[in-house]
Amino acid sequence: MTVNGSKPKFAMYWAASCGGCEIAVLNTHEKILDVDANFDVVFWPVAMDAKYKDVEAMEDGSILLTLFNGGIRNDENEHLAKLLRRKSQIMVSFGSCACEGCIPGLANLSPVGDIVHAAYNTITTDNPNEIYPRISYDVPEGELHIPKLAKVLRPLDLVVDVDCYMPGCPPESHQIAAVIDLVIKVVKGEAELPPKGSVIGAGDSTVCDECPRARNVKSIKEFKRIQDIAPVDPDLCLLEQGIPCNGPATRSGCNARCPAVGAQCIGCYGPAEGVMDYGARLITAFSSVIDANTTEEIDRILDGIPDPTGQVYRFNLAGSLLKANRDAWKVK
Amino acid sequence: MKKYLLYPGCSMESSGRAYRDSINAIVEPLDLHFEEIDDWNCCGATEYLGINLIPAYSLIARNLALAAKQTHPVNGTEGTRTVVAPCSACYLNLAKADYYMQERPSLGVKVNEALAAGDLQYTAGTLDVRHLIDILVYDVGLEKIRSAVVRPLHGLKVAPYMGCMLPRPDYQHRWSDHEHPTELDDLLRALGADVIDYPLTTSCCGGHMTQIGPETAFELIRRLVADADERDAQLMATVCPMCQMNVDAYQNEMNRFFGTDYHMPILFFTQLMGLAFGREPKELGIGVELVNSRNALAHIGVEVPVTQEPTAPRKKVEGLPMPRRWTKHEGRKEAVK
Amino acid sequence: MTEKVGVYVCHCGSNIAGTVDVEDVAHWAAEKLGHQGVIIAREYKFMCSSLGQELIEKDIKELGLTRVVVAACSPHLHEKTFRIAAKNAGLNPYLVELASIREQVSWVHSDKVVATAKAKAVVSGAVSRAIQNAPLEELKVPINSNTLVVGGGIAGIQSALEIANAGFHVYLVEREPSIGGHMAQFDKTFPTLDCSACILTPRMVEAGTHPNITLLTWSEVTNVAGYVGNFHVTIKKKARFINEELCTGCGICQEKCPKKVIDDVYEAGLGYRKAVYTPFAQAVPNFPVMDKDNCTYFEKGTCKACEKFCPTGAIDFNQQDELLHIDVGNIVLATGYDLFDARRVSNYGYGRLPNVFTSLEFERLSNAAGPTNGNIVLRDGKTAPKSVGIIHCVGSRDRNFNNYCSVICCMQGLKFAHLVHERTGATVYNFYIDMRTAYKAYDEFYQRVLEEGTLFVRGKVAEVTDAARYSNEKGKLIIQTEDTLAGKQRRIPVDMVILSSGLQPRHDAKEVGKLFGISCSMDGWFTEKHPKLDPVATMTEGIYIVGCAQGPKDIPSSVAQGAAASARVLDKILQKEVALEPIKATVNKEMCSGCRICNGLCPFNAIGFLADDNVSEINPALCQGCGTCVAACPAGAISGTGFSNEQIIAQIDGLLMRNLEPA
Amino acid sequence: MTDHNFEPTIIGFTCNWCSYRASDLAGTARMKYAPNVRLIRLMCSGRLDPTFVLRALSEGADGVMITGCHPGECHYIEQNYKALRRFLLLRRVLTGLGIEPERVKLVWASAAEGARFASETTAFVEEIRKLGPLNWGKDEGERRKDEEGNKNSSFIIQPSSFEKEVPA
C-alpha cells in the first residue's frame, strides 16, 4: 500500500441511490473524525465541492479507498464508475444499490420508456403539452446535455471490477466504522485486506442467526400480511406466524434489527455467501414448508403473498440471474 | 315439496294416457311438484337420431333450451335444474343430447346455431336429465313410498320389466347395474307385491321393429311374455310407454304368429303405485289396456285388507349358501370405477 | 489448474452410430471443449467391451486423466462398468460421467444432423458437469443377518426355508391364522394332479418347526424405517385370545363352540367355521384364533363354552394385541394376489344365478376336506351336474377390467374339466379365447383333457342366463357365446358354470407398497427393478418381491422366485456390509443460521436440530441422498455430494453450449 | 404468428427413479419424440432448486420441463410434493418478470410411462414453438463486463425510443 508521505486519499460517490449510505457514514458519529484524521477526502459530492475534471486530473490509482454507492442507471453513472475505478486502488461496492441494484433496481420491472412516461405524466404532474426532457438543448450559452438513461439499471460489478462489497440498505453504522478501522490498520500495515471480491461489513450466516425469536420446525398453513395478524407473538419466529420474513435467506450482520422489533426482514443485506440467486432461495424456502399437497390448496396458500416477485426480489432484482422484466430487455 | 321440470313426451297424449293419469294420481301422496316445460316438442323417439344427427339433436336440444329458461325460482317455489322424463325413449334422447353436446363441442356449436333461429340457446351440462323411477327411488325414497302404501299388493306376482333404453348407455352411472338393475324390483317390493326374479328385465321389446320388421318384434315379445309366463307372473310392470304398447298391443298378433295363447297383461308401475296408494282402478287408467288385467288384479282387487303381515315360513337352511349379492351401493360403486 | 478430461464416444454397434455421427462428435469435443480440459476424444465400437474399458484405463495411466466422460447408453446400464474401469486405473470412480446419447438421442430421433447436434450438446453438458465432480468414497454399512419375509404363501415359505437352511434367522409374517396362502385351498395342482395339500403341508411343517424361522401368523407389519442392512420393522401381533404356550391344538374348543359363521376367506364363502377356528386341519401353527366380531362372549359377555372345555386352560379372553419391534437387513414381500371379483361381470350372473361358481369356490367344492367332502354338486348341495361349462378369461384380457393375461386360468380350467369328468362323468365344455399352456408338461395335459372328451368352444362368452328360449333349455343355465371356429352364435344349456377368474393385485397393494417404499405398476402389481433382468429386486435396495405380488404366475415360477430372492438376500448377508451410494447431504455449520426450514423436509428423519449451538445437522447414515433439503436451504448452507449445485449449474451451461471455446 | 423454423431449446430435469427411467423406456421402445429437450438427471424432483430454472432461462433456454414421479409414488415417499410447491411459486415470480408461465411445465411420469413421457415432451416443444424464442440477455452480452472504453455500450439506449416531439 504505497502512500507518498501525506494522508491516503478517500473518495465517495453516489450513483443511482437515495443518499442513505452517505447519511449512514455520517451516522458513525465521532468515527467520521477518524476519516478526516486519517484520510485526505478528495472527492465526496454530498460533503464537499469537487469537480469531475479535478478527479480526471488525478493520477491513476492515487485514491486509496473509494466507497461507491448506487446502481448504474445512466451514462454519467457509468462514466464516473469507470473513472473512479481507474483512479482508485480499493473500489468498494458500498450498500445494496451498488451490490445488487436495491430499490432503484426495481425500475427494471418496466421498460425505460414507461419510467420516463410515469415520471412526467402522473396525476400530480401538470404536463398538458406532454413535454419530456431532451438529451440536448440549444441555449445561447451553448448546447446543454443531460445524461442518457440505460435500458436497465446494473449493479456496479457489471460495469467495473470491484474489490469488495459492503451490503446493506444502508450498511449498519457499526459495520462502516469497523471497515474504516480495518482500512486504517491496512494503511498502517497492521492488517491485510480480505481477498478480492469478498464481502466485508456483514456476517457469514443469515439473519436468523442473530434473531432473538424462537424457531421450531416450519409448517405453514397460510401466509398473511403483518397488519392482518392481531397480536404478533413477540417471541415466536415471524415466518411460523405466517408472515413471509426474508430473514432465512438474507445475509446476517444487521443484528436482526427489524425482526427483533416485530417487523419482517425484507432482505436488504442481500444473499448469503455463495448464493447465485437470492430470489430462488426465498422461492424454495417459502414453498418447501407449505403444508399442502394439492395444486388448489397450495395456490390458495400462495395467494397470501400478493406480489411474489416483489417479495423475493425487492433488493436483489438487478443482481439476480434474470435481472429485469422481459419488456425492459426488449427495448431497442 | 320438491319441484321438477316435467317433459311428458308424445305418448302421454295418446297410447300412454294411462301412464299420465297414474302419474297425476301419485304426485299428491309423494308431494312431488311437476312443472311442465311449456311449448315442448317431440323428442324424435328411436327413429330420428338414426336418420340425421344434427337436426335430430337440435329438435331434442330445443326442449333442453326451453327447460333451461324455467330453472330459476318463480313466485315462492324454489328453482330446479332437474328435468324428469317418464318415458325411457325421451329420457335417453334428452340425456344423449346433453352428454354429446358436452363431449363434442362442434355438435354443440351447430345445435346452438339451429336453436338461434328461435332465439334459444342451450349450454350443455346446465340441466340434470333423469327418468321418473330414478326420482322416485333415489329422491323420494322407498321409505316414503312404503309409508304411503294403504293397500299393499300382497299376492300379486309381478315381472319387473325395466326395458333396454334406461340402463344403457349409463353416462352418469345412475343405475345399480347396467345389465340387471334392481330399482324397479325394489320399488314394487316396497308396494308389497311379490316380485319374480325376471332375467330378461333389460331385453329389448322390439321398439319400432313392430313397424319395419314385425317377425323380429314378435320373437322378442314372445321371449318376454313366455319367460314371465313360465315364472308364473300374473302381470308385467314397465317404465316405458313404448314397451307397454309393444307387449300389450301386439300380444295377440304374436300369439297368432306363433300359435300360442299367452295372456300376460302389462301395466305401468305408476298404475300399481296408484292401486297401492288406495286410488280407484278407473282413475289410474286401468282397463284401458288391450290385454285386460281384470283377473290378474282379482288377486288384489277383491282382497280384504289383510291386518297382520303373513310371515313367510322360516326355510330350513340346507344346500350351499348363496354368495352375498351386491348391495345397490356396491353395484353402482363398481360401475363408477 | 484445469482438469485433464478424456471423452469417449461409443458406436454401440449401430445403435448410436446409426443416427449419430460419432466421429464428428468426438472430433468436435476435442476441438470445441479443449479449453475446458478435454485433452483426448476417442470413438470406439463398443466402449462397454473389455477393449473399450482398457482404452480408458490406458489413457488414465498414460495421459494422467483426472476426468472421464463416456458418451454411450443410460447410466442405469453401464455407469458401474466404467466406474470400475476408472478404479482399476487408480482414478476415483465418481470422477466418471456417463452421457446418455443412446436412449435419449440416437434411439429417439431419426434425423442424423439433429441427433448429432443434440449428442454434442449432451457431451458438452457432461464435460462441464464432470469437471465439477468431486472424488467420493462409498459409505460402508453393516448388514443385519436377520431377514423379514412378508406373506406365508408358497413363495414366502420357499424364500424363508432357503435362507433359514443357509443358517440365518428369518421372521415369517402372515396375516391369516395359518401359513399356506391360496395353495392351501386347492384340491389338485396342474399339470401333475398332485394333491395340493400333500405337496404343500410338508413345506409348511418344515417352516413351522425350523429353528431359524420365527413364525408370526395373525400378524401384520405396521411400520418400516431405515434402509438396506438396517431396517427397523414394527409388527402388530393380533390377539388370538389363545395362550400359545398352553394350547396343544386338540381342537375341542372348535367342536364345542356353538357359533357357526360363513368362512369367506379359506372356504371362499362355501363352507362354515366356528367363532374360534383354525382355517384347515393341517394349519401351521395349529393354534386356533378367536374371531372377535362373531364371538358371542365379545358381543354379549355370555357363552365361554370354549373356556369351559379347554383341557389346558389356554383360552385367555383379555389377551391384547402386541407390537413387536425387530431389526432386519433385508425384506422379501410375498403378499400374493386377490381373486378377480366375478360379480363385476354382471352378464355372467355370479351372485344372482345359484349354479354359477368361481374357481376358488370350485376348488373348495372339489376338495376332500371341503364343505361337500369333494362331491361336485350344485348349489342345492345334492344334485350332481350332468353338464358343466367352464369359462376362461373372466376379468382378464378384457379392456373393461384387467388388460393382462392372468397366466394360470387356462390350466386351471383344464384341471377343473378333468376333475369334473373324472368325478361326475358330466359333459364338460370349456369356453376359451386362446389356450395358454406354455410351460413344461402343460400342453400334454391339454391333449389329455381333449382326449377325455372335453368339448372346447373357441369364443368369448357373451352371457350366462336362465331365461330359456327353447324347451331343451328349461331349468338350465344357457351359455350364449360366439363359436369363432364354427363361425356362428351358439346357446349351450348346462347345469353348472365355473368361472375361471383372473388374478388381481391385493386390494391394499398400494398402501403396502408405500409402507415398504416401493411403487406399483399401472395395473397395481409391485414394480420390479427390471422386468427382464431383475424381476425379484425393486428400486429400493434390500426390498425384494416374489410370487404373485410381482404379477400373475403359476406355482413353479413363484417357488423359483422365492428361492431367487433368498439367493439375493444371502449374497447381501455374506458380504457382511453393503456399500451405499455416497450421495449424501451435509450442513455447513458456520453458514447455517438455525432457521430450521429444512427440519421438516426429511421423511427419513435424517435432519436433526442441535438446540445448544443453534444449527441443524444431517445424519449421513439415514440420509438417502434425495437432495430436497439441499434445494430448500435458504442460506445455501446444505451441500449435496454427487448432485452438487456446481455440477448441475455447470451441466446447464454446458447443455446450452455456453462453455464452448470462443471462435 | 409462430415462426415455423424456430427450433426451441429446452432444458429438462428428470428424477432418477421414475421420469428418467420413463425416458430410458421411451428409448428402448424406439419411440420418436422432439429432439429439443436436453435432459439433466437429478436423484429426485425434490432436488430441483428454482435457481436451476432461472439459470437455464437466463442462459438461453426457451423453456424448462420438470418431471418426477406421480404424487404418492415418490421413491423418497413425498419429495415430489415439495417440487410441486416450488413450481407453483416459481411460476408466479416468472409471471412477474414477464415470462409466460407456460414456459415452465411440470409433468409426472412413472417408470412405466415411456409413451407418456415422449408425447408430453413433443407437446411441450410445440407449445414453446408457439410462444416463440425467449432470447434472454443473449444480444446485450451484459453478463460479460464491458471492456474499458467501450463507448457506445448497447446498454445506453438512443433517446429516440422514448422522446416525444415537442409540439411546434
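I count two residues as in contact if their C-beta atoms, placed from the backbone, lie within 7 Å. I am working with a predicted model, where local features need pLDDT of at least 70, side-chain atom pairs count only at pLDDT 80 or more, and totals for chains, interfaces and linings use all residues. Residues are numbered from 1 along each chain as its sequence is written, while chains are lettered from A and ligands numbered from 1 in the order in which they are written.

**Entry 1: Gln282(C)**

I looked up which residues Gln282(C) contacts, leaving aside neighbours within four places in sequence. I found Ala197(C), Thr201(C) and Met204(C). Gln282(C) sits in the loop between strand 15 (276–277) and strand 16 (289–290) of chain C. Strands here are DSSP runs of E, at least two residues; helices are runs of H or I, at least four; both are numbered from the N terminus. Is Gln282(C) buried, exposed or partly exposed? I call a residue buried if 20 or more other C-beta atoms lie within 10 Å of its own, exposed if 12 or fewer, and partly exposed in between. Gln282(C) has 18 C-beta neighbours inside 10 Å, so it counts as partly exposed. I also checked Ala184(C): it is 98 residues from Gln282(C) in sequence, but 9.1 Å away in space, C-alpha to C-alpha.

**Entry 2: nonpolar cores**

A nonpolar core is a set of buried Ala, Val, Leu, Ile, Met, Phe, Trp, Tyr and Cys residues joined through C-beta atoms within 7 Å. The largest one has 227 residues, and Ala71(C) is among those with the most contacts inside it. Helix 3 (residues 79–96) of chain D gives this core its largest share, nine residues. Another core lies apart from it, with 110 residues, including Leu216(C) and Val449(C). I then listed what Ala71(C) touches beyond four places in sequence; Val7(C), Cys10(C), Ile101(C) and Val123(C) are among them.

**Entry 3: chain A against chain D**

I found 44 residues of chain A in contact with 38 residues of chain D. Which helix of chain A gives the most to this side? Helix 10 does, with seven residues. By class, the chain A side has 22 nonpolar, ten polar and twelve charged residues. Ala, Val, Leu, Ile, Met, Phe, Trp, Tyr, Cys and Pro count as nonpolar, Asp, Glu, Lys and Arg as charged, and the others, Gly among them, as polar.

**Entry 4: chain C against chain B**

This contact takes 18 residues from chain C and 16 residues from chain B. I sorted the chain C side into five nonpolar, six polar and seven charged residues.
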